[in-house]
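Q: I am new to this structure and would like to go through it piece by piece. Could we begin with the strands and then move on to the helices?

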Amino acid sequence: MPHNAEASARLRDWLLERKAGGLDAGGLDLSDSDLSGGNFSESWFGGTIFTNAKLADAELYRSDAEGADFTGADLRNASLVRVNLDDAVLRNAILDGANLVGASLYDVDAKGASLRGTALMGCSLLHVDFRGADLSNAIVEENTFKVKVDNATVFDGLRGTLFGPIILAADDGEHTLANSQLEAWINARGGAVRVLTPRLRSR
């Protein structure tokens, strides 16, 4: 159970009621709790604090975690399918093997996060800060990939298709990489991606 009394009581009541529907934990402090393997489908986690929480193998299908703080959280092999993670903090979080198919990540701080082998197919990655993140063996499929990276970001084994551009933060400032330049840059770092050109709408 969480150390926070209010959060612990809310979680305990929800478990005892066994009613259909997700947990309403918006704004609560669930830091340091062990929720591994729990089924939290369609729950409300807006602004919830999950600092250093354990959520390995947890099910969060279609949950709303807008503005939630997952700093240092363990989300290995968790299901985050269609989860709203807009404005969330994933700094130094572990998402190795997690399923983020169809998830929304807008304006997310994911600096230093580990996404080794993470499924990112169909995600919206907009203004995500991946500086120092590890994307080894992650899978993308027609992803919007408008992210910020640096030379410490790991792309080894990243494969699939994506739309750019990205922003590279370097010692001499920020640079925009797009199209064939972006494709060559990622693949030179061990990736195997194809950068797609946005389709023009016919009139």
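Q: In which sense do S4 and strand S7 pair?
A: In this predicted model, S4 pairs with strand S7 (residues 192-195) in the parallel sense, over four bridges. Within that pairing, Arg159 has Ala192 in S7 as its bridge partner.

Q: In which sense do S3 and S4 pair?
A: S3 and S4 pair in the parallel sense, over four bridges. Gly160 in S4 is the bridge partner of Val140.

Q: And S5 with S6, parallel or antiparallel?
A: Strand S5 (residues 166-170) and strand S6 (residues 173-177) pair in the antiparallel sense, over five bridges. A hairpin of two residues joins S5 to S6.

Q: Which residue stands opposite His175 in S6?
A: That residue is Leu168.

Q: Let us turn to helices. Which residues of H2 are buried?
A: The buried residues in H2 are Leu182, Trp185 and Ile186. Viewed down the axis of H2, these buried residues fall within an arc of 95 degrees, so they line one face of the helix.

Q: What do the buried residues of H2 pack against?
A: They pack against S3, S4, S5, S6 and S7.

Q: What about aromatic pairs, how many are there?
A: The count comes to six aromatic pairs. One of them is formed by Phe155 and Trp185, edge-to-face, at 5.5 Å centre to centre and with 75 degrees between the planes.

Q: Why does that pair tie together parts that are apart in sequence?
A: Phe155 lies in the loop between strand S3 (139-150) and strand S4 (159-163), whereas Trp185 belongs to helix H2 (residues 179-187), so the pair ties together parts that are 30 residues apart in sequence.

Q: Are Phe155 and Trp185 buried or exposed?
A: Both Phe155 and Trp185 are buried.

Q: Which residues do ring pairs link into a cluster?
A: Ring pairs link Trp14, Phe40, Phe45, Phe50 and Phe70 into a cluster.

Q: Now to H1. How many residues does it have, and how far does it reach?
A: Helix H1 (residues 5-17) has 13 residues and reaches 18 Å from its first C-alpha to its last, close to the 18 Å expected at 1.5 Å a residue.

Q: Which residues of H1 are buried?
A: Ala7, Ser8, Leu11 and Trp14 are the buried residues of H1. Seen down the axis of H1, they fall within an arc of 135 degrees, so they line one face of the helix.

Q: And which exposed residues does the face turned away carry?
A: The face of H1 turned away from its buried side carries Ala5, Glu6 and Leu16 as exposed residues.

Q: What caps the N-terminal end of H1?
A: Asn4 does, with a side-chain oxygen 3.1 Å from the backbone nitrogen of Glu6.

Q: Changing topic to the loops: where is Thr118 found?
A: Thr118 sits in the loop between strand S1 (104-106) and S2. Its relative accessible area is 0%, so Thr118 is buried.

Q: What does the side chain of Thr118 reach?
A: It reaches the backbone oxygen of Leu95 at 2.7 Å. Leaving aside neighbours within four places in sequence, Thr118 is in contact with residues including Leu95, Asp96, Gly97 and Ile139.

Q: Last one: why does Asp134 count as buried?
A: Buried means under 20% relative accessible area, and Asp134 counts as buried because its relative accessibility is 15%. Asp134 has its place in the loop between strand S2 (124-129) and S3. Neighbours within four places in sequence aside, Asp134 is in contact with Ala113, Ser114, Leu115, Arg116 and Val154.

Notes:
Residues are numbered from 1 along each chain as its sequence is written. This is a predicted model: local features need pLDDT of at least 70, side-chain atom pairs count only at pLDDT 80 or more; totals for chains, interfaces and linings use all residues. Side-chain values use heavy atoms; hydrogens and water are left out. Two strands pair if DSSP finds at least two bridges between them. Rings of Phe, Tyr and Trp (its six-membered ring) pair if their centres lie within 6.5 Å; planes under 30 degrees apart count as stacked, over 60 as edge-to-face and the rest as tilted. Buried means under 20% relative accessible area, exposed over 50%, partly exposed in between (1.4 Å probe, protein chains only). Contact means heavy atoms within 4.5 Å. The expected span of a helix is 1.5 Å times one less than its number of residues. The arc is that of the directions from the helix axis to the C-beta atoms. A polar contact is a pair of N or O atoms within 3.5 Å; within protein, one must be able to donate a hydrogen and the other to accept it, and residues adjacent in sequence count only if both atoms are side-chain atoms.
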